[in-house]
Amino acid sequence: MARAKPALEHARSTVGIRWITTVGKFARRKPLGAMGAVIVGAMLVMAVFAERIAPYGYDDSIRGARMKAPSAAHWLGTDNLSRDMWSRIVYGARVSISVGFLTVTLAVLAAAAIGVSSAYFGGAWDLIVQRVVDAWLSFPYLIIILSVMAVLGPGLLNVVLSLALLLAATNSRVIRGATLTAMQQTYVEAARAMGCGHARIIVRHLLPNVTATIIILATIGLGAVILAESALSFLGFGVPPPHPSWGGMLSGSGRTYMLRAPWMAIWPGAAISLAVFGFNMLGDALRDVLDPRLRGS
Amino acid sequence: MLKRYVAKRLLVAIPSLLIASLIVFTLPRLIPGDAVQLMLSEKAYARDLAELRAKLGLDRPLYVQYVDWLGHVARGDLGESLWTRRPVLEEIGQRLPVTLTLAAFALTFALVIALPVGVLSAARQDTPADFVARSAAILGLSVPGFWLATLLIVLPAIWWGWRPVSEFVEFQADPAGYLRQMLLPALILGIAASAALMRLTRGMLLEVLRQDYVRTAWAKGLAERAIVLKHGLRNAIIPVVTLLGTQLPQIIGGTVVIETVFGLPGMSRFLFDAINQRDYPVIQGVNLLVVSTVVLVNLAVDALYAVLDPRIRY
C-alpha cells in the first residue's frame, strides 16, 4: 500500500503533464483556436459565477444613474432604467450559454438518433426521413424559427426547442453521411458476421466512430445557436424582460436611445460577437485537429 | 441529357415540396389564438365568431382545408389576406421586388468580397494577409447583422452627424434613390454570406493548387495569375457555386431582421407582421413561395455545374 500511493501520484502527475502538453501543443498549432477557448472559458465563468462577478443585480435600478456614460463606477455605463450595463451583460451570458448548451445537447441527441438510424436501416425509413429533412432545410432558418416560436410562444425553453428542431435537421444530414462512411468499414461487416444485433453494432461500432463528427458539429453549432437566439430576442421572440438577453438588450430601449446613449446598443452586440467569435474559432480549430475531412462544412 | 436530369430532379423535388407545403399549411394553424378572435377584438362591435369562421372557411376539418388550399395553389391562387382582404399574390407582388433587390445586391456583394479575398488568402497561405483574411471571415460570421446595422446607423450619426433617410423611396418616384437605399442593408447581408463563401473558396483553391497539373503549370513557367485564376479557381469553383445556392435561404432569412431595422416594406417584413397577426393565407403564401424558390434555385445550381465543368455530363 505504501508503495502504491507514490505510484498513483506519479501516474496522476504523468496524466496531468500529458494533458498540459496536449493543450500547449494545441495552442501552438492553433493560436486562434486557443484564443477562442479562452473567450469561451471566460463566457462560461461569467455565466456560472454571474452573482459574484456582477456588481449589481440584472434588474437593480441605481438612483441617479440614468443613461450614464461608461465610467469607473459603471464600466459599460447604465441604461434608461438606471441599470448597470456590465451587470446585465454578465447575466446575459447566462441566458446565451444556457440556450447554447441546452439546444446543442438536444439537437445533437436527436440528430444522432435520426442520422444513424436513417443510414443504418436505410430503405423506406431513410427515404421518408430524408425527404422531411429536405423540406425542413428548404426554409430560411429565421423564418421557420419565427413560425415555430409563434406556435410555442416566447420563453427560454421554447427558444431552445425551436432552435434544436432546426439544428437537429441540419446535423442529422452530416451524421448520416459519417455513419454511411463508417458502415463501409470491414469491422462493421465483421461484427455482422459474428452475429451482433443492430443495437450492439450501432452502440459499440458506429456511434464511437461518428463521435468526432458529433463533437465538431456541437462546437460549431454553439456559435450559430447563440447568434440565432440573439436574433430571436431582437425580434421580440426570445426570453421575456426583465431577464437580460444580449439580443433583447439591443432591441426596444437599446435602439430607441441608441443616439443618446450609444453604449446601450454597442456593448450587447459586442458581447454577442465576441461569444460567437470564440465558439467559431474553437470549433474551427477542433475540426482541423479532429477531422480535417469536414473542412469547409 | 441535361433535360432528363432536370426532369428527374424535379420529380425528386415534388415529395419534398409536398411535405414543405404540409408544414407551411399546418404550422400557422398551430399558433395559439385564433385569427377570427383577433380580427373581431379589433372592431368595437360584437359579431358571431362562428359565422365569420364559416365565411372564411376556417370551420372545416384541417385536411379539407389543406386539399382545398393545395387545389387553389395549383391554379395560382394563394387566397386572400384575412386582414387586407386583398389577394395574397397581389400583396406579395408589391413587396417581392424590395426583397429580391436586397437579396440580389447582397449576393453580389458577397461574391465581390469573397472571391478576391478567398483567392488572395489561398495564394498567400500562412502570410499575415491570409491570417487577417481568415480572422475577418470568422468575425464576419460572428457579428449579428442587426448589430452591424445599428452600428452603421449610430456611429456615422455620432461622428459626422450623418443619418440615413428613414423614409422609403419608391422605385417609380426615384429609381436611383430606391437603389441607393438598398446598398447599406444589402452590404450588411452580404458580409455574413461572404464570410462563408470566402472560407470555402480558400479551402477549395488550396486543395486544387496542390494538384499535379498545377505543378506542371508552374514548371511550364506560367504566370502566377494564370495558374491561380485559370487552373486553380476554375476547378475550385463548383463547391463555391453550391454554397452560393445554399446561401440564398440564409440571405432571405436575414432580410427579416434587416427589413425591420431599415424599415423596408419587403416580403420578409410582411411575413413577420402576418405571423404576429395570424394571417394564415399570407404566412402560407410567403413561405410556399420562398421554399419553392429555394428548391428551384438549388436545381438551377446543379444544372449550372455542366456549364462550369465540361467534364460533368448528366
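Where in α9(A) does a kink lie? In this predicted model, the kink is at A:L207 and amounts to about 50°. Beyond the end of α9(A) comes A:G236, with a positive phi near 90°.

Confidence scores were examined for the model and for chain B. The model scores ipTM 0.83 and pTM 0.84. The average pLDDT of chain B is 84, and 91% of the residues score at least 70.

Chain A has 12 helices and zero strands. Its pattern along the sequence is α-α-α-α-α-α-α-α-α-α-α-α. Its C-alpha atoms fill a box of roughly 75 × 60 × 35 Å along the principal axes. Of its 297 residues, 46% count as buried. Among contacts in chain A between residues at least 6 apart in sequence, those joining residues at least 24 apart make up 69%.

Chain B likewise has 12 helices and zero strands. From the N terminus on, its elements run α-α-α-α-α-α-α-α-α-α-α-α. The box filled by the C-alpha atoms of chain B is roughly 85 × 60 × 35 Å, again along the principal axes. Buried residues account for 38% of the 314 residues in chain B. For contacts in chain B with a separation of 6 or more, 75% come from residues 24 or more positions apart.

The interface was considered next. In total, 38 residues of chain A are in contact with 43 residues of chain B. On the side of chain A that touches chain B, α5 (123-137), α6 (141-152), α9 (198-234) and α12 (263-290) each supply at least two residues. The largest share, nine residues, comes from α12(A). By class, this side of chain A has 24 nonpolar, nine polar and five charged residues.

Helix α6 of chain B packs against helices of both chains. This helix covers residues 128-142 and has 15 residues. Its first and last C-alpha atoms are 21 Å apart, close to the 21 Å expected at 1.5 Å a residue. The buried residues of α6(B) are B:A133, B:R134, B:A137, B:I138, B:G140, B:L141 and B:S142. These buried residues pack against α9 and α12 of chain A. They also pack against α5 (88-123) and α8 (175-209) of chain B.

In soluble globular proteins, nonpolar side chains tend to be buried together. The largest nonpolar core here has 167 residues. The members touching the most other members are A:I145, A:L146, B:A106 and B:L197. The largest share of this core, 17 residues, comes from α9(A). Leaving aside neighbours within four places in sequence, A:I145 is in contact with A:S162, A:L163, A:L166, A:A228 and A:L232.

Most residues other than glycine have a negative phi. B:R85 is not a glycine, yet its phi is positive, about 65°. This residue sits in the loop between α4 (62-74) and α5 of chain B. B:R85 is exposed because 7 other C-beta atoms lie within 10 Å, and the limit for exposed is 12 or fewer. B:D126 also has a positive phi, near 65°, and is a residue other than glycine. Its place is the loop between α5 and α6 of chain B. B:D126 counts as exposed because it has 9 C-beta neighbours inside 10 Å.

B:A176 is found in helix α8 of chain B. It counts as exposed, with 9 C-beta neighbours inside 10 Å. The C-alpha atoms of B:A176 and B:V282 are separated by 30 Å, and these residues are 106 apart along the chain. B:D273 lies in helix α11 of chain B, which spans residues 267-277. B:D273 counts as partly exposed because it has 13 C-beta neighbours inside 10 Å. B:D273 and B:T260 are 13 residues apart along the chain, with 10 Å between their C-alpha atoms.

Definitions and conventions: Residues are numbered from 1 along each chain as its sequence is written. Chains are lettered from A and ligands numbered from 1 in the order in which they are written. This is a predicted model: local features need pLDDT of at least 70, side-chain atom pairs count only at pLDDT 80 or more; totals for chains, interfaces and linings use all residues. Two residues are in contact if their C-beta atoms, placed from the backbone, lie within 7 Å. Helices (H or I, at least four residues) and strands (E, at least two) are DSSP runs, numbered from the N terminus. Ala, Val, Leu, Ile, Met, Phe, Trp, Tyr, Cys and Pro count as nonpolar, Asp, Glu, Lys and Arg as charged, and the others, Gly among them, as polar. pLDDT is the predictor's confidence in each residue, from 0 to 100. The expected span of a helix is 1.5 Å times one less than its number of residues. A residue is buried if 20 or more other C-beta atoms lie within 10 Å of its own, exposed if 12 or fewer, and partly exposed in between; C-beta atoms are placed from the backbone. The bend at a residue is the angle between axes fitted to the seven residues ending there and the seven starting there. A nonpolar core is a set of buried Ala, Val, Leu, Ile, Met, Phe, Trp, Tyr and Cys residues joined through C-beta atoms within 7 Å.
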